Amino acid sequence: MTNTVLIAPDKFKGSLTAGEVADALAAGLRSAGSDGTGTVHCEILPLADGGDGSVDAAVASGFARHRCTVAGPTGQPVRASIAFDGITAVVEVANTCGLAILTGSTLEPLDASSRGFGEAVRFALTLGPSRVVLALGGSSSTDGGMGMLTALGLNFLDHSGASLEGTGRSLSQVHSVTGSLVPELDGVELILASDVHNPLHGPTGAAAVFGPQKGATPSDVSTLDAGLKHFSSVLTGAGLFSEGPSDVAHHPGAGSAGGVGFACLLMGAKQVSGADYFLDLLDFDARKDVCDVVITAEGSIDDQTLAGKLPAAVARRSGTRPIIAVAGRSLLAREQWAEMSLSAVYALTDYTDTDSSKDAGLSAELLRVIGREIGDAVLGIPQS
């Protein structure tokens, strides 16, 4: 008997990439059935939801990787990459100016910039794409996209006419705007891939909700929130965009990536669910249709997962075939499995007392053990 399993995981943040999770599970699955009961065939599809790992997931599905050097969150050179298949380019905040890139892991809530993301977008445009996917998860900055817009042609000036760096600290100093967006953007479809629905500023805005995760103190949050509001007001007065920035600031998703979502919306980007868009981009539906079982995975499965994170989208689109979830930890009660139509949930915490989230080798080893257990169970499932 041969059963085909689609392994479609997200990353285990801080431990393993989605590809590494898939490879470890596949190794375990393929080792099952040594008693002659059959074999397991694995289809591997590493996934992302618009956060870190989006470029890697696209490359794993067949996109070509293109490398470029951009300014990191605090200006240091960073070797980043984008994915391109001849039509669609995928550019992500995380590998250009994300939290993980900060030197020495020192958070810079006021001085981190999104400029590197804009430079990566500009590099992607040199390849002649028809579409650019802007993957916004994992940002280190709260600059309203000021850094990105600077890299794409705008110049922000203070009262004395001096140019400003695109940082959260600079937002309140912006007095005027000159320049225009690079012409290479003309005719290119922009897709904002994010599942964040916060506005730019206010009590549920970028600074208030996400600023503390980036090291912002209560005083910093107040400074950043006031700066974001001021920034949108100055852009409104500049008249550079067809839709008023002050109105766009209130759109759900404007607060994603520290306000980069706001700048992307101003440029005419179409906002989509990151999870579902990447499932479509990576051809999930066609891949799962030829499989008997689907395995999804992420570092933590909890109530946020049920609210629409990537594993929930995978489960929703997997049809009636058995769906198995694997996680670093699971906080779901067994009675909650039905909300995602899960047949089983395996958690690394059930196999060790050690914190595997800080040990990539241990995580991979446990995933291989779990993969073998799943494989033995799968071989007992009648083929569809």
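You're looking at a predicted model, where local features need pLDDT of at least 70, side-chain atom pairs count only at pLDDT 80 or more, and totals for chains, interfaces and linings use all residues. Residues are numbered from 1 along each chain as its sequence is written, and side-chain values use heavy atoms, with hydrogens and water left out.

**Stop one: two helices**

Select residues 18-30, helix α1, and residues 360-378, helix α14. Their axes lie 6 Å apart at an angle of about 45°, so the two helices are oblique to each other. Now show side chains: in α1, pick V21, A24, L25, A27, G28 and L29, which touch α14 residues including A364, L367, R368 and I370 (contact means heavy atoms within 4.5 Å). Sorted by class, this contact has 9 nonpolar, 3 polar and 2 charged residues (Ala, Val, Leu, Ile, Met, Phe, Trp, Tyr, Cys and Pro count as nonpolar, Asp, Glu, Lys and Arg as charged, and the others, Gly among them, as polar).

Next, select F231 in helix α7 and F262 in helix α9, 31 residues apart. Their rings pair edge-to-face, 6.3 Å centre to centre with 65° between the planes (rings pair if their centres lie within 6.5 Å; planes under 30 degrees apart are stacked, over 60 edge-to-face, the rest tilted). F231 is buried at 0% relative accessible area (buried means under 20%, exposed over 50%, partly exposed in between, with a 1.4 Å probe and protein chains only).

Terms used. Axes are lines fitted to C-alpha atoms, for helices over the stretch in contact, and angles run from 0 to 180 degrees between N-to-C directions. Helices (H or I, at least four residues) and strands (E, at least two) are DSSP runs, numbered from the N terminus. Angles under 35 degrees count as roughly parallel, over 145 as roughly antiparallel, 65 to 115 as roughly perpendicular and the rest as oblique. Rings of Phe, Tyr and Trp (its six-membered ring) pair if their centres lie within 6.5 Å; planes under 30 degrees apart count as stacked, over 60 as edge-to-face and the rest as tilted.
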